[in-house]
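Have the sequence and the 3D view open as you read.

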Amino acid sequence: MRPFMNEDFLLHTDTAKTLYHDHAAKMPIIDFHCHINPAEIMENRTFENITQAWLGGDHYKWRLIRTMGVEERYITGDASDREKFQKFAETMPKCIGNPVYHWAHLELQRYFGSDLVISGDTAQDIWDLAGEKLTGDALRVRGIIAQSRVQAIGTTDDPVDDLGWHKQLKEDVTSPTVVSPTLRPDKAINIDKDGFADYIAKLADVSGVEITTRDDLKAALLTRIDFFHQMGCRASDHGLDYVAYRLIDETALEKIFQKGLRGDVVTVEEAEAFKTDLMLFFGREFARRGWVMQLHYGVQRNCNEAKFARLGPDTGFDAMGMRYCGAAIVAFLNALEKDGALPKTVLFSINPHDDAMLGTIIGCFQGGEVRGKLQHGVPWWFNDTKHGMENQLITLASVGVLGTFIGMLTDSRSFLSYARHEYFRRILCNQVGAWVEGGEYPNDRKALADLIEDISYRNAARYFGYDVLA
């Protein structure tokens, strides 16, 4: 029997152990997509207790606790932090096979130096230990970043954001990492969602462009793209329910936009046409600037309407969607490619059913100017599990060039989530080790070291334009 989560956790061959300990483990982190608050980096936040560090904003954990039949007051409500942590700890022994179980224990080991197994019985000991360690500089936000060897962080930022915290961090020579904004223009695209007209008014105010037509909208967005570029932004991110591609004439598009400005109901077909036009506009502008365009799609959001009305978005009530988007993705990429305006693009589907499809689509649009220009993003959200990562790695290797893969991200609001990079790297090394020891790839240590170090770090650093440190 193997020990529980020891130094060789998930590493089942001697080759895997060597690849991880000698190569993957030492590489810095490029966390190119996350939802952390840059203000907490600038202010070097101190967490008062482990509930604040672990459970605040973490809908992965909230879903598990709810499944145990726990009242909402112990999850997002007015219970004390100690009570909330107790409910989480009591949930953990039931979560065999869930990545949160592994992540939480990795975080407990790496940041708190504890091999305790999380349970209701150990909750008080962990609470006390964490409370003592959280008072030190090593577990303030900048300390966590520094000890995790995070070279760069890509936050997620609305076009109307003034990026004030990013500006301060850019000017702060003591900051432990590069913090780059990422343009997330979903509210400007979602003409079919509540609040669209109010958002356009806000965009007009921030950009200084009066928005009465589609051309005005694009002019306003261009001012924000240019501002973000000046602030170090080199990537966009788009959260799409599904990828649509519907072309109509300019006159019809203008009529749709006017409906949106008035707050009138926009049909599904009209919304698809408007979104297609804006996404093509964005793609061309990003290509001109050398940005990376990230497309996340396939989510059924806010499935529980009663809970959404009470708690709001991003609280644990989203699910996988199942809608074929392959033809629309191809049409979108093809339109940009024909114009010579296809930017570096990362495709993420929340449904693993799309893995092979995305892996083969990206192979149709690779180009000589960038290695791995099109990327099948790391398994996202409900897929960033051991099983999900293994399947995606095998599929990507089967239909593409795994050695160009840009690897892991946290997609998290927690600074302790950098342990997810370790989780991914262990799974990667184990899979490559299995191929080597099974005679499917030569035991060429130089080639293997380059492969693992590239996927763990260098590919992402080069792709997003950061200096390669190792």
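## Cysteines and a bent helix

Search the whole structure and you find zero disulfides, a disulfide being a pair of cysteine sulfur atoms within 2.5 Å. Keep in mind that this is a predicted model, where local features need pLDDT of at least 70, side-chain atom pairs count only at pLDDT 80 or more, and totals for chains, interfaces and linings use all residues. Residues are numbered from 1 along each chain as its sequence is written, and side-chain values use heavy atoms, with hydrogens and water left out.

Buried means under 20% relative accessible area, exposed over 50%, and partly exposed in between (1.4 Å probe, protein chains only).

Now for helix H20, residues 445-464. Helices here are DSSP runs of H or I with at least four residues, numbered from the N terminus. At its start, a side-chain oxygen of aspartate 444 comes within 3.2 Å of the backbone nitrogen of lysine 446. Further along, H20 bends by about 65° at aspartate 454; the bend is the angle between axes fitted to the seven residues ending there and the seven starting there. H20 is mostly covered, with 15 of its 20 residues buried. After H20 comes glycine 465, with a positive phi near 85°.

Definitions and conventions
Helix = DSSP H or I, 4+ residues; strand = E, 2+ residues; numbered from the N terminus. Expected span 1.5 Å × (residues − 1). Polar contact = N/O pair within 3.5 Å; in protein donor to acceptor, adjacent residues only side chain to side chain.
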